[in-house]
Amino acid sequence: MPRLLRLIINIVILSALLLISQQVWAQDWRPVRGGIPFGISGMALIEQQSNRLDFLIVHDNKKPNQTRLAIISIKGKKQPEYFPLNWPSEIELPIDLESLTSVTQNENSDFIALSSTGKAYYLRLDIPKKTISIIKEFELPVITQKSNFEAFGLQYIDGKLVAIWADRGEGETAATIYFGEFNSKTYEIKLSGYGNLKVPFPSGNVRHISDLKVDSLGIVYITSASDAGDDGPFESALYVAGYLGLCSNYINWRPNPQLVPLYRSHYHKIEGMELIPGAEGGVIVGTDDENLGSYVYIVGGSN
């Protein structure tokens, strides 16, 4: 076979392989919406069906005409559907919502959204009508002028409703993880303790904790992200950060002494996550890629 013909064949094959790999990569990460106002800064599962996942998400918007909450619906292999929600007119618009968690054992209709300043909103979602109502506004027990909260989780552990939240940290400044018991009647958190955490990856402009979730056994999952500006580049990672448990009826935090990246991305800034149980489940992550908008990806799932 002439050398030129072999070269042409090799180029065609290589081009086909590159095209296939790009298509597979694009299918893994599903775009939600483009542009800064649609970045995902927190997410929580609403409903899980055999071929459908519905999530409530928060945006970290600050302007009056921008959406704060939305529902995304993922059906099979299709791209996510996006449904913006109206904030109740009688409640002042929140500034910079950074995290969202479901209130377990409440039929997946109650959630708590947290702003970066430590103000929290206990909200109720009317799923059929796609409307929300604010049940209570409250503040975290530990807030300073330098606080910059990016993560909040809630879980029943050995009969206690445990709250865990984090100041993100940045660069050489470690993230701070706080935890305590949440009183669902008074909407107060009794602080039990705190700990510091720094991740090995990403580095540079790293936010050591960009979101977290805790499962029913007390295992705490976190995401970390690096942000170099509105156009990136971005990097992110997923870790098991440690364990929350009860000892003599006190809440204890056991940090993971050797953080292992369970997943990493060199292209996206992950700021939201949720745990999805079952055979088709995994850890879903959502991004705030600034000018590039938002994407979702299920780590360990069928995608």
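A nonpolar core here is a set of buried Ala, Val, Leu, Ile, Met, Phe, Trp, Tyr and Cys residues joined through side-chain atoms within 4.5 Å. Buried means under 20% relative accessible area, exposed over 50%, partly exposed in between, with a 1.4 Å probe and protein chains only.

Ground rules next. This is a predicted model, where local features need pLDDT of at least 70 and side-chain atom pairs pLDDT 80 or more, while totals for chains, interfaces and linings use all residues. Residues are numbered from 1 along each chain as its sequence is written, and side-chain values use heavy atoms, leaving out hydrogens and water.

Now the cores. The largest nonpolar core has 24 residues. Touching the most other members are I164, L197, I209, V220, I222, L244 and W253. At least two residues each come from β10 (149-157), β11, β12, β14 (206-214), β15 (219-227), β16 (234-247) and β17 (250-255). Strands are DSSP runs of E, at least two residues, numbered from the N terminus. Another core lies apart from this one, with 18 residues, among them L56, V58, A113 and I134.

Back to I209. Its contacts (heavy atoms within 4.5 Å) include L197, I222, A166 and E150, not counting residues up to four places away in sequence.

Next, D167. It sits in strand β11 (residues 160-167). Buried or exposed? D167 is buried, because its relative accessible area is 14%. E150 is 17 residues away in sequence, yet the C-alpha atoms of D167 and E150 are 6.1 Å apart. A polar atom of the D167 side chain lies 2.9 Å from the backbone nitrogen of N148.

Now aromatics. Rings of Phe, Tyr and Trp (its six-membered ring) pair if their centres lie within 6.5 Å; planes under 30 degrees apart are stacked, over 60 edge-to-face, the rest tilted. The structure holds 11 such pairs. W87 and Y121 are edge-to-face, at 5.4 Å centre to centre and 85° between planes. W87 is in the loop between β5 (81-85) and β6 (97-102), Y121 in strand β8 (residues 119-126), 34 residues apart. Both W87 and Y121 are buried.

Y122 and Y187 have ring centres 5.2 Å apart and planes at 75°, so this pair is edge-to-face. Y122 and Y187 are buried too. One aromatic cluster is formed by F149, F152, W165, Y178 and Y194.

Last, charges over rings: NZ of Lys or CZ of Arg within 6 Å of the ring centre and within 35 degrees of the ring normal. K130 sits over F83, 5.0 Å from the ring centre. R264 lies over F201, at 4.4 Å.

Notes. Helices (H or I, at least four residues) and strands (E, at least two) are DSSP runs, numbered from the N terminus. A polar contact is a pair of N or O atoms within 3.5 Å; within protein, one must be able to donate a hydrogen and the other to accept it, and residues adjacent in sequence count only if both atoms are side-chain atoms.
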